Amino acid sequence: MAVLEVRQLNYVYAAKTPYEKHALKDVSLQVEQGEFVGVIGHTGSGKSTLVQHLNGLLRPTSGQILLNGKDIWEKPKEIRRVRFEVGMVFQYPEHQLFEETVRRDIAFGPRNMGLSDEEVERRVQKAATFAGLREELLDSSPFDLSGGQKRRVAIAGVMAMEPQVLVLDEPTAGLDPRGREQMLRQIERYRRENGTTVLLVSHSMEDVAAIADRVLVMNGGEAAMMAPTEEVFSRAEELEAMGLSVPAVTRIFMALRRRGYDVGDNVYTVEKAVERLMPLLKRGCRPC
């Protein structure tokens with residue numbers, strides 16, 4: 001059974017006003033336990049609106065969100081519990097820090113779950129390790145940290161609730177390439193060691209290509225594609241027609257094919273490109 005299921009989800013902003021906008025249109029999809037799903041789409045495609053429905057931050061105009069087979073809005077007064085099971089990390093989450101120390105900021109969610117002091121501390125230590133925060137930083141003020149460190153604190157605060165599903169909306173936005181790579185590596189390690197389901201919203205095709213099992217493509221409020229990563233990026237022309245870029249290495253291979261080189265398709269990571277090119281270079285590949 002899918003851990004998350006979306007059934008014919010519709011959402012209308014400012015309904016019955018001159019500003020009415022149909023932001024989501026009959027979106028249906030399933031996400032399996034432990035899966036890593038990338039969510040991509042141009043600005044205004046509905047991807048952020050969609051993920052805000054997954055833990056009840058937005059309520060559907062029509063349709064359902066099911067968590068472990070149960071409608072999250074079946075008991076509206078208990079929607080807070082859903083937010084412990086589906087943890088949300090917003091873009092630039094460091095803007096939401098407010099406690100006196102890093103330790104207390106990370107502990108905020110677990111304390112609100114009513115856990116014991118011992119369990120809260122265990123979770124703080126575990127989440128800080130996964131987020132790449134050194135022990136000596138835990139008693140510092142979060143406002144004295146660098147931008148990248150603040151980002152890690154905010155993500156650790158959600159990890160510390162140990163949600164069944166972790167939703168990250170542009171977690172690497174504004175980070176340099178090295179910071180992005182480290183962040184993604186730590187998120188993947190967290191998923192692998194905890195069996196957590198992860199949904200990653202990103203404008204970076206390289207990030208999604210490198211780490212996702214499947215990719216959801218949102219376009220005009222609709223789920224235009226949802227397929228294994230390799231299949232989605234093999235449809236590069238369709239993605240570009242939607243106003244989306246593809247990984248730079250994919251564009252290079254498309255150009256090589258146009259010039260007559262037999263390099264094949266479905267190349268969307270540097271590792272795959274090296275694997276594909278090395279035998280050709282050894283043979284002294286020339287245009288066909």
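Colleague: Which residues make a nonpolar surface patch of about 380 Å²?
Modeller: This is a predicted model, where local features need pLDDT of at least 70, side-chain atom pairs need 80 or more, and totals for chains, interfaces and linings use all residues. Numbering starts from 1 along each chain as its sequence is written, and side-chain values use heavy atoms, without hydrogens or water. A nonpolar patch joins Val, Leu, Ile, Met, Phe, Trp or Tyr side chains within 5 Å, each residue with over 30% relative accessible area and no salt bridge (Shrake-Rupley areas, 1.4 Å probe, only the protein chains shown as cover for residues). The patch of about 380 Å² is made by Val270, Val274, Met278 and Leu281.

Colleague: Is Val270 buried or exposed?
Modeller: Val270 lies in helix α11, residues 270–282 (a helix is a DSSP run of H or I, at least four residues). Buried means under 20% relative accessible area, exposed over 50%, partly exposed in between. Val270 has 56%, so Val270 is exposed.

Colleague: What is the relative accessible area of His53?
Modeller: His53 sits in helix α1, residues 47–53. Leaving out residues up to four places away in sequence, His53 touches Leu9, Tyr11, Leu24, Leu58, Arg59, Pro60, Ile65 and Ile72 (contact: heavy atoms within 4.5 Å). His53 is buried because its relative accessible area is 0%.

Colleague: How many salt bridges does the structure hold?
Modeller: A salt bridge puts a side-chain nitrogen of Lys or Arg within 4 Å of a carboxyl oxygen of Asp or Glu. Arg104 and Glu99 form one, with their closest N and O atoms 3.6 Å apart. The structure's total is 23.

Colleague: What separates Glu181 and Arg185 along helix α6?
Modeller: Their side chains meet in a salt bridge, 3.6 Å from N to O. Glu181 is exposed at 51%, while Arg185 is partly exposed at 48%. Both lie in helix α6 (residues 177–194), 4 residues apart, so their separation is about one helical turn.

Colleague: Which residues are linked with Lys126 and Glu162 in a network of salt bridges?
Modeller: The side chains of Lys126 and Glu162 meet at 3.8 Å, N to O. This pair links distant parts of the chain, 36 residues apart: Lys126 is in helix α4 (residues 117–130), and Glu162 is in the loop between α5 and β7. Lys126 is partly exposed at 30%, as is Glu162 at 29%. The network also includes Glu119, Arg122 and Arg123.

Terms used. Patch = residues over 30% accessible without salt bridge, like charges linked within 9 Å, V, L, I, M, F, W, Y side chains within 5 Å. Helix = DSSP H or I, 4+ residues; strand = E, 2+ residues; numbered from the N terminus. Buried < 20%, exposed > 50% of the residue type's maximum accessible area, 1.4 Å probe, protein only.
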